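The following exercises concern a protein structure and the contacts within it. Each task is followed by a solution worked in steps.

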Amino acid sequence: MPEKGVVHFELQERSLDNGLRVIVQEDDTAPVVSVHIMYHVGSKHERRGRTGFAHLFEHLMFQGSEHVPNEAHFRLIQDAGGTLNGSTWFDRTNYFETLPSNEIELGLWLESDRLGWFESAITQEKLDNQRDVVKNERRQSYENRPYGLAVETILRMAYPEGHPYHHPTIGYMEDLDAASLDDVREFFRTFYTPDNAVLVLAGALEAERGYELADRYFGEIPRGPGAPQATAPTVPLGSEVRETIYDNVQFPRVYIFHHSPAFGQPGFEAADVLCSVLSDGKSSRLYRKLVYEDRIAQDVSAQVWPTEDCGLSFIVATARPGIEAKTLESAILEMLDDVRGGTITQREAEGGVNRATRELVNAFDGVGSRSDAIATSATFLGRPEYVNELFPRVQAVTSEAMVQVANEWLVPERRATLYILPESSGEAGK
Amino acid sequence: MAPRASLDRSKRPKAGPLPKIVLPAFKRFRLSNGLTVLTVRHDDMPEVSARLVLPFGAYEDARQHAGTGLLTARALTEGTAERSAGEVAEWLDYLGARFSLDVDHDATVVSLHFLTQVMDGAFDLLAEVVARPAFDAAEVGRLRDERLDEIASGLDEPRIVASLRLGEATFGSHPYGMRAGGVEETVREIDADVLSDFHSRFYRPSGATLILVGDVPEPDELEARLEDAFGTWHGDPDPATEVEEPEAIEERRLWAVPWPGPQSEIRLGGIGIARLDPDYYATLIMNAIFGGLFSSRINMNLREDKGWTYGVSSRFDARRRSGPFFVATAVDAAVSADAVDEIIGEMQRMKSEPPGDEEMELAVNAVTLSLPRLFETVDQVSGRIAHQVVYGLPDDYWETYVDRFRAVTAADVQRVAGRFLDSDRSAVVVVGPVEGFRAQLEDLGPLQIRDIHGRPADA
């Protein structure tokens, strides 16, 4: 029986001859299995003029391969009662299915076919169609959404030109337009190789059978030439960067970005729990101050993103009617000063740890998100078992650790501040 | 590794034998105050998902105070007879529990997710906030203002504007035409007395159900603990209001809302189905084929064939009475009216031809073979049971689930398509740069220009 909310997963790992790392986590709680393959390629690997390409490529991976007809991927998985998707991040791209356990081979067949037999199926027509789909994704999720351009603006501000995290994963329209079939082939050959991937199988299966099946479906795919790795260098301390943009919104919103510890680096969990102390729950520091007591914000959130190289965190608050952005900013900065000064109590710290622990347990309940965490640990750190260290690391966070991370990272020298103001209030409204 | 057996890649691998699905059988008992408790032990993780289901939702809101049910639920944690709002917040956050609310027209569900190690505190907290909220006037005034801010902010989002306006265009003055949280004019009128009154009429243990799924004790021990926590909560609720059936749409209602942007948000909908209607199962299969699955007709057409959108889907929101049916998408503004035409065309096709064998098989398989996945996590299990409770589905509902869908025929699908997919009796809302598509949209009928609030406007 687990104690104190600590969870431990037995992981078994073996590599195929072609370099594909296979990790199995047996769990027969429900008759389901997750097939999760993560490639160590993301938007940070994109070359200049081809932003958004890793994500566009992810879309093409659903357009069939030599033995899998176009548009069959979703149909076959859903026909088997499964669910599926893919996602692109700065540092990696993943593809995953959760299936009834008797259909694990369907997942392996589909994943191996698009890794081993992709090129013959790709056409200009498919590229053009998915380019249109992705451009509509950009319009829907970013351009036509309030504050939708915030993150790409702040990345541009916080990372210098040419830095791998300077641009958003969705990419820019003109770069999406420029993507060619040659780009698709070159990208595929460079990054989509078994030795640049991790395959996680979690759920109702035995490890030996998992290796056997992985070898059966992936074993004959040749090793690649070695995918070049792009490392996003830490941005040196500088002076705060500030910008204001205007949007079709009624209420000002403030984004305060800080360079922060990356996933797996010292301080990541302290930063994560600090975010919880700042904004998770109605007793959290920023919520209580900005939303409850001063009633200047409609909402406030603090979060740290799990990136591989240099980390990033955001504090975001939306103004109530009649409140100015600078009022919000001052209140947030005052609170950060307070935190850096060491005012977090032991009880607040414990509460933050309790919330973060509960969230971890909740996230690892399903095989899908659990596989994701295992694959991320394997891809970023080379150590899938790191997933088991997350619990003790979170539980070891103290108020002192949070003060330290605040003093090291949440400082003006690592900050970018963005105001998004109503068009009617600024030049754009004139 | 052993040499690989030769592998025929040309065909999809055969499925293994169907796994044995152990559906979560709940145990039921009743506390002395009448509260029904349903529990499922699911102890692989040290967590518990609790859901308290009250069989009263926004339908009980007084018309002039629409939003009462939602604000009452939100006020639960804003102070109790024993504790101030700040003290409740601190207690909840120290436990590390996640408190969440789901108020729709049919029911109110108060959920708490927590780690086993804090179970006793979590029960005490849940009982205190549900049974003895303070409804302090200042706290309620603040909650009301927050809800007004939320309503105002929603008008910055074309997708929200489109959904709100579709509700009105479809249901007119029927309560289903308004979201469960009310609108500015009604929320503005809500005060602490309104909430307190709603609470005293409907937040009663008799008729309510507490669902506990996860690492919980055996029923005997659990019952004693729950008696301690919930024992002082008493009483019977008012009888539920009889829900009226919405009126059918007699002719196509066509609204355009001017919004500058690179896309148009499109909603097309009508009166759908009630949860206990015998056609419910056929309707879900029909919807899967039409717009419910990724591989549905409308998504294949608008996304995978034409590239006009990131995605389009359709949904039936089955309620106590006929709830909404709707298609939702955001498309490149240049093809706004074309997209509406295509959706209407697909509705026609769904009615005029029965679905093919492959389509039927995909839809039925997607709905039935996914069963093991529906009961994987504690939140999923408690959520499925809550659905049974709200709609009075039998205890063995999930045992009969597969057969109910397997019994649906292609003729059934065509018949329910005829019943629901009538584009002449539907509502269409397009939020986007109206000038570009106005003329083409007017080919479909008289077009009304509305502002983001739904008021008649000039383009």
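Is Glu71(A) buried, partly exposed or exposed? Glu71(A) is partly exposed, with a relative accessible area of 25%; the classes are buried under 20% relative accessible area, exposed over 50% and partly exposed in between (1.4 Å probe, protein chains only).

This is a predicted model, in which local features need pLDDT of at least 70 and side-chain atom pairs count only at pLDDT 80 or more, while totals for chains, interfaces and linings use all residues. Residues are numbered from 1 along each chain as its sequence is written, chains are lettered from A and ligands numbered from 1 in the order in which they are written, and side-chain values use heavy atoms, with hydrogens and water left out.

**Exercise 1. Describe the backbone and setting of Glu71(A) and Tyr147(A).**

Step 1. Glu71(A), although not a glycine, has a positive phi of about 70 degrees. Its place is the loop between α1 (53-60) and α2 of chain A, where helices (H or I, at least four residues) and strands (E, at least two) are DSSP runs numbered from the N terminus.

Step 2. Tyr147(A) is likewise not a glycine and has a positive phi of about 60 degrees. Tyr147(A) lies in the loop between α4 and α5 (150-158) of chain A. With 7% relative accessibility, Tyr147(A) counts as buried.

**Exercise 2. Characterise the interface of chain A and chain B.**

Step 1. Begin with the extent. Chain A and chain B each contribute 86 residues to the contact, contact meaning heavy atoms within 4.5 Å. About 7,500 Å² is buried between the two chains, 51% of it on carbon and sulfur atoms; buried area is the accessible area (1.4 Å probe) that two parts lose on being put together, summed over both. On the chain A side, Asn144(A), Arg358(A) and Asp365(A) lose the most area to chain B, together 9% of what that side buries.

Step 2. Count the salt bridges, each a side-chain nitrogen of Lys or Arg within 4 Å of a carboxyl oxygen of Asp or Glu. There are 10 salt bridges between chain A and chain B. Arg320(A) forms a salt bridge with Asp149(B), with the closest N and O atoms 2.5 Å apart.

Step 3. Assign the chain A side to elements. Helices and a strand that each supply at least two residues include α2 (72-79), β5 (93-100) and α4 (124-143) of chain A. The largest share, 10 residues, comes from α12(A).
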